[in-house]
There are 2 protein chains.
Amino acid sequence: MTIGNNGIRFALAQIDTCVGDLDGNGEKVLEFTRKSVANKATVVVFPEMTLTGYPIEDLAFRATFRNAAWDKANALASQLKDEGFADAYVVVGTVGTDNERGLPRNRMVILHDGIVWAGYDKHFLPNYGVFDEFRIFTSGQKSVVLEIDGYRIGVAICEDIWQDGGPVAELATKNIDVLLTINGSPYEAGKGHTRHELGARRAKEVHAPVVYLNQVGGQDDLVFDGGSFIIDEDGALLERSPQFVEHLDFWDLTHDASMSSASALSSELATDEEMYRACVLGLRDYMLKNHFAGVCIGLSGGIDSALVATMASDACGGDNVWGISMPSTYSSQGSRDDARLLASNLGAHYQTESIERVFDCYQRQLHLEGIAAENIQARIRGVIVMAYSNSKGLLALAPGNKSELACGYSTIYGDAVGGFAPIKDVLKTKVWDLARWRNRYAESHDDLPPIPISSIEKAPSAELRPGQRDSDSLPEYALLDKVLEAYIELAHGRADLLADGFDEHTVDTVMRLVDRAEWKRRQYPLGPKVTALAFGRDRRLPVTNAFRE
Amino acid sequence: MTIGNNGIRFALAQIDTCVGDLDGNGEKVLEFTRKSVANKATVVVFPEMTLTGYPIEDLAFRATFRNAAWDKANALASQLKDEGFADAYVVVGTVGTDNERGLPRNRMVILHDGIVWAGYDKHFLPNYGVFDEFRIFTSGQKSVVLEIDGYRIGVAICEDIWQDGGPVAELATKNIDVLLTINGSPYEAGKGHTRHELGARRAKEVHAPVVYLNQVGGQDDLVFDGGSFIIDEDGALLERSPQFVEHLDFWDLTHDASMSSASALSSELATDEEMYRACVLGLRDYMLKNHFAGVCIGLSGGIDSALVATMASDACGGDNVWGISMPSTYSSQGSRDDARLLASNLGAHYQTESIERVFDCYQRQLHLEGIAAENIQARIRGVIVMAYSNSKGLLALAPGNKSELACGYSTIYGDAVGGFAPIKDVLKTKVWDLARWRNRYAESHDDLPPIPISSIEKAPSAELRPGQRDSDSLPEYALLDKVLEAYIELAHGRADLLADGFDEHTVDTVMRLVDRAEWKRRQYPLGPKVTALAFGRDRRLPVTNAFRE
């Protein structure tokens, strides 16, 4: 790929940053800039809040942190010049400080010729769903056009292009050649298309292509999927980076639009693969960024723990996964066999810790019955999982899925124990889909399908009393998941749900379960919260909520 | 108390509402209005978001809830008329809907003559500390003056008087006779004086007395302390309601200010009593609003569990408190004696559940050492506490204090188990102060001081290994608490802390402990969070935070 005299080359550096890690993030900026300049790029674009990581939440309020970020931007500019990259324009996100009030800002700076050459402050500060920015930052008021090698480059940060008006509306009147946006846009199922439509709309508005550079990687309970792209006024995709991996791509802007050179477009992922990869990346990055080399998880023989263990082996390798089978007198032989087979398929460590003797020991002292006797079995397992975690320095994984967590069908301090819950945002019917997809993927790559077929096909059971089935307590999952989507995601009330065509008994059952679970979860927080949309969008409800529709 | 022909009587209904409980809150409005009218009041004032409770968080987004609140306001207006109170002006807070965009608003309505007579929407929406209002509500744009019996009454809601400009600035030009504010202002140590100063400043600005009506009661992890007051331009308190109790007070406004009649002022509480009562009210209301009649708590003989059990017996009576002594081989006889004596002093149930046999049973299987062996003892206790909770329907209480939680000096799924943590916002040195205050209070009321003196005086120990002392792992609490206040509350960085005069070793130890605890707590959420100011102000930090100063 070469570029003519009239063109300017953009490098799209879709990187994975870590919150607070100024040194590590800065190192990555250097590394990707070196590669970019080696490929003759003039403008190197990094994601929103590159240096600080994103989202930084209340860390923004620490003046020491803001000062360190400022020092890092200047040090980087110097070093880039020292390395001979003075001519490059390196666009990075960081935290800034509002000169008037001394408050934090979400800022883009351009490193050029050894200095911090220009800056732009985000105007629209999202404050819904997972976003808290209005709480943290003050708003920039000015639009900015960079003049580089005869090209007029308008800039914006993430939410600035999601809202009408503001800086983008101003840029529409400023005869720009390209609109450059840096983003930290979390993954949601189907969001790729929404972003493309939005990009095309803004391209039309400003009469210029839009460069959409997104962050990639897991950060706590969010996953950023990357999928950066460039789109023109006609909605034609000029470039698309892959999802879920760091990537460096190039694009040449020329005054003759027909000359703009495009790389091959990365192909789109189907929903199941996309969601599976999002879960694996979320877990992998959580482990990396928190310095865990391995995980431990209770293997019941059921589908949830099987899928989570498989994701874990994809995230860190089977030999870093400790599967613990903890059978009781209610565990079927089939469940034990499935757990063992799964571990063998994954190449994972496999340990059996029967809970029977400890359970007897508690019972001789406490004589528990009913729910209390069921819960204590789950809690003995929780204690054993944490004993492995403490002894071996492993991250304990909680296997709960979204349907089960939404309905409170789990034991606090029992199966809910864990530092990370990879499928907490995945409904049970989707858990089966992802398991089947993973097995098919293995088959199509001539690998052994990892998940035992009987784990996928058998009726779900907690195995805490004889003959127990999930369907004793919950509607069938195919129905339950539809009601949950309407009640949680769409916030449909009782009348809406009936109008949706669900029968009254099911509606009342599900609403009662979810309301009660929400209440219990906030009394005894579990870690995994049930979110209103896939991947991290939280309903913030008060614990005490006496409202009943 | 009578009122002349020229006057108008205000009733200050300082009530305790419950989030979501439209019926219960409405019933309370009726009850207090009846008493107010019987006392010749014309204007009856209730706190912010009376009908819905406060804070309602994302519940505001449910259209079904907003509609139900609107129906409730209309039904109340009708019923007030039916009961013969058509002439009264009943000022209540509720959730409204923005006509243009269909979004929620924080609204004041006046019920009068059978209808919802007037309304005002909150202008300034706080979005810091514990507040999320800008996220939830849209902003009202108009100031409102009510004309009642020849008096001009300006109105405002809570934050509207904390910010300069906006509706209060407009009211200053409108020749009002009184500024009526309804509030949901959470308790913080020393906040009473801040509110009085603010009230006086606004009274000066609008040239009229300010009525400050505050909510009272615990709501989840917040405590609203009441302490409603009326203050004039000169900063003179014309009325002050007591803290921590529901209260109905009256005040007469006349055109001749010197004639305004004041009730006796409630006396101010000293800091220790104020904080103790805040904790008890928080726990009591959490139990009431979540329908718990009793609590269970592990009694170690230490000061934290002793103080929490004492607060619990003050909240719900000693016969509703189950104290569980769970000694191990490392528990001293003194600790067991102190636990038994405390329970006896409180009239609480007392059970002994030795953890030795269960511990042996786990160890024969797991052979744990070091921290893992320490943690499993705490986790066996957590399982036993939850077994009591499940079997008897009791609320499990976590005894952790703020110093310990800030430094991570507790075991997740162990002593951190519990649905409510009454002293999570109380530093350890303050725990001792509150315990001593409670004993002195008993003495001064000729009661038995409940807390054994040796629980107060002995060196703190987790008793998880022979001879263990807190001071093996932590700086002395007198010093630790000072550093914690500076680091957490004041957000002082390392350089600031050294400038504060703390020695380098202590500063580095405390920063390392707090940063690591923050990180661990967000990996394995405990329920009780460490807050930056007393009673609920949360630091929102990302889990993964690689920033080290």
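Predicted model: local features only at pLDDT ≥ 70, side-chain atom pairs only at ≥ 80, totals over all residues.
Residues are numbered from 1 along each chain as its sequence is written, and chains are lettered from A in the order in which they are written. Local features need pLDDT of at least 70, side-chain atom pairs count only at pLDDT 80 or more, whereas totals for chains, interfaces and linings use all residues, and side-chain values use heavy atoms, with hydrogens and water left out.

According to an unreviewed UniProt entry, A:Asn375, A:Glu404 and A:Lys520 carry the feature "binding site", an annotation that may be inferred rather than shown by experiment. With a relative accessible area of 12%, A:Asn375 is buried (buried is under 20%, exposed over 50%, partly exposed in between, with a 1.4 Å probe and protein chains only).

Over all chains, the whole structure holds 23 aromatic pairs, where rings of Phe, Tyr and Trp (its six-membered ring) pair if their centres lie within 6.5 Å, planes under 30 degrees apart counting as stacked, over 60 as edge-to-face and the rest as tilted. A:Tyr54 and A:Phe224 form an edge-to-face pair, at 6.0 Å between centres and 65° between planes, and both residues are buried. The rings of A:Phe134 and B:Phe134 are stacked, because their centres are 3.6 Å apart and their planes at 10°. Each of these residues lies in helix H3 (residues 133–136) of its own chain, so the pair joins two chains.

Conventions: Helix = DSSP H or I, 4+ residues; strand = E, 2+ residues; numbered from the N terminus.
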